[in-house]
Amino acid sequence: MVTMRLRGRPASEIAARLRARDVPTIFATGYDLSMLPKELANAVPLEKPVDLDELCRAVEACCL
């Protein structure tokens, strides 16, 4: 399992706080997506480098 960080804080912690507020999450990471922690299972994962069309589809899916 990988520990992703956003500004020094665990990404899973930030994602959990967003989900608690019903805010969808999208992760762009250079890590292998199979290595994401279970807490991020509901997030939309994107692999870097992110394709703009793929990002647009992910944002659209989160807005439905």
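Of the 64 residues in the protein chain, 22% count as buried, where buried means under 20% relative accessible area, exposed over 50%, and partly exposed in between (1.4 Å probe, protein chains only). Please keep in mind that this is a predicted model, in which local features need pLDDT of at least 70 and side-chain atom pairs count only at pLDDT 80 or more, while totals for chains, interfaces and linings use all residues. Residues are numbered from 1 along each chain as its sequence is written, and side-chain values use heavy atoms, with hydrogens and water left out.

**The overall fold**

Let us begin with the whole chain. The protein chain has 2 helices and 4 strands, and along the sequence they follow the pattern β-β-α-β-β-α. Its radius of gyration is 12 Å, close to the 11 Å that the globule rule gives for 64 residues, so the chain is as compact as a globular protein of that length. Helices (H or I, at least four residues) and strands (E, at least two) are DSSP runs, numbered from the N terminus. The radius of gyration is taken over C-alpha atoms, and the globule rule is 2.2 Å times the number of residues to the power 0.38.

Along the principal axes, the C-alpha atoms fill a box of roughly 30 × 25 × 20 Å. Among contacts with a separation of 6 or more, 32% are accounted for by residues 24 or more positions apart; contact means heavy atoms within 4.5 Å.

Thr29 sits in strand β3 (residues 26-29) and counts as buried at 4% relative accessibility. Leaving out residues up to four places away in sequence, Thr29 touches Met4, Leu36, Leu46, Glu47 and Lys48.

Thr25 belongs to the loop between α1 (11-20) and β3, and at 6% relative accessibility Thr25 is buried too. With residues up to four places away in sequence again not counted, Thr25 touches Ala15, Leu18, Ala43, Val44 and Cys62. The C-alpha atoms of Asn42 and Thr25 are 17 residues apart along the chain and separated by 7.8 Å.

**Residues in loops**

Asn42 lies in the loop between β3 and β4 (44-47). Asp22 is found in the loop between α1 and β3, and its phi is near 60°, a positive value in a residue other than glycine. Pro49 is in the loop between β4 and α2 (52-63), and the peptide bond from Lys48 to Pro49 is cis, with omega near -5°. For background, most residues other than glycine have a negative phi, and most peptide bonds are trans.

Here is how some residues compare in accessibility:

| Residue | Relative accessibility | Class |
|---|---|---|
| Thr29 | 4% | buried |
| Thr25 | 6% | buried |
| Asn42 | 62% | exposed |
| Asp22 | 70% | exposed |

**The cysteines**

A search of the whole structure finds 0 disulfides, a disulfide being a pair of cysteine sulfur atoms within 2.5 Å. The sulfur of Cys56 is 11 Å from the closest cysteine sulfur, in Cys63, which is too far for a bond. Cys63 is in no disulfide, and the nearest cysteine sulfur, that of Cys62, is 6.7 Å away. Cys56 is partly exposed, with a relative accessible area of 44%, and Cys63 is exposed, with 63%.
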